[in-house]
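Please look over the sequence and the structure shown here before reading on.

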Amino acid sequence: MDFKDEIKQFGDRVEKLKAQIQTEEATKNAFIMPFLKALGYDVFNPLEVVPEYIADIGIKKGEKVDYAIMRDSQPVILVECKHWGESLDPHNSQLFRYFHTTKAKFGLLSNGIIFRFYTDLIEPNKMDEKPFFEFNVTDIKDNQVEELKKFHKSYFDIDNIQTTASELKYMNELKSLINVEFQAPSEVFVRYFAKQLYHGVLTSKLVEQFAALTKKSLQQYINDLITERLKSALKKETDDEKKNAEQEQAKPNAVVAERKIETTEEEKEGFMIVKTILRQKIKPNRIVFRDAQSYFAILLDDNNRKTICRLYLNGTKRYIVTFDEQKKETKNEILAVDDIFNYADILEKTVANYDGEKIANTKSQLN
């Protein structure tokens, strides 16, 4: 299972189990520890993960953070946990206090559903107030999985994460600002566009009118983008279906016909009866079948020139076709599959004839 599948499976597990988790300690055991394990860390190895890590704050001794992920005997990620039903907003100050007393470069605050990653982008060794990366594990996006993967034990690189942390932080803040402007455009935002369209004096009334027009235009623009994406996706799907249909038509008829072949239970039963009849004379693994659209062939040594018999069991009437020494066919109606036992002598003789040919051919080659 790859990392993306493992994280999404973990998210499904959280969604199913959360109603049963009543305490913060249960949240740690059911959600946080499995999450750290998914990141490749051995939660039972104190060289990798230390629970209740001591982070003394000044004269206040014995302060403990829930987990510390270690590297080279030093903490690199501090993990503070809360019950899954608790909001994380009031608790980042606790992690903030622990952060500057250790050499950890990252802080993780989580309730098992929301995961917030912090670092020190603004001031060295002082944790930022806002996370640079946040996600809901029950609704995680593919691009978020890729960012999370950087924290996996196998890929963890402090410099690499810090390089992208700043970009992530400002992108998230920009997206939040854009969302606010799209929902309720600010006066500054409205004036920026209005000035490019209206060259007179922008009165309060005009700004109000442009605010409504700006909001409508933004919504229409987003709708147009979505519509174009959908059209493009549908066109691609239609083109793919058309291409597949053309490929199917281009395939040989034999291949298409082969797809329609379905071996029935009666045909399997008939094969087992023939095998039972002949197992006293030859090794059973020499008897094989090949199913075709119109009949069911039973062969010796998987050789279509050594047909033991053919069964026609899918029509309104059932038949068995046997072969004599000259390989001349004889077609006989049977009322039930068990009637194949009535042709035991003929089937044994047919096999003996094929084996006789084999012996004769071998002697000829030796001479």
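Buried means under 20% relative accessible area and exposed over 50%, with partly exposed in between (1.4 Å probe, protein chains only). Helices (H or I, at least four residues) and strands (E, at least two) are DSSP runs, numbered from the N terminus. This is a predicted model, in which local features need pLDDT of at least 70, side-chain atom pairs count only at pLDDT 80 or more, and totals for chains, interfaces and linings use all residues. Residues are numbered from 1 along each chain as its sequence is written, and side-chain values use heavy atoms, with hydrogens and water left out.

**Strand β4**
- Because 5 of the 5 residues of strand β4 (residues 106–110) are buried, β4 is largely enclosed by the rest of the structure.
- Phe106, Leu108 and Ser110 point one way from β4, while Gly107 and Leu109 point the other way.

**Neighbours of β4**
- Two strands pair if DSSP finds at least two bridges between them, and strand β3 (residues 74–81) pairs with β4 in the parallel sense over 5 bridges.
- Ser110 in β4 is the bridge partner of Cys81.
- Strand β5 (residues 114–118) pairs with β4 in the antiparallel sense over 4 bridges, and Phe117 in β5 stands opposite Leu108.
- The hairpin of β4 and β5 has 3 residues between the strands, and in this hairpin Gly112 takes a positive phi near 90°.

**Helix α9**
- The buried residues of helix α9 (residues 265–278) include Glu267, Gly270, Phe271 and Lys275.

Definitions and conventions. Expected span 1.5 Å × (residues − 1).
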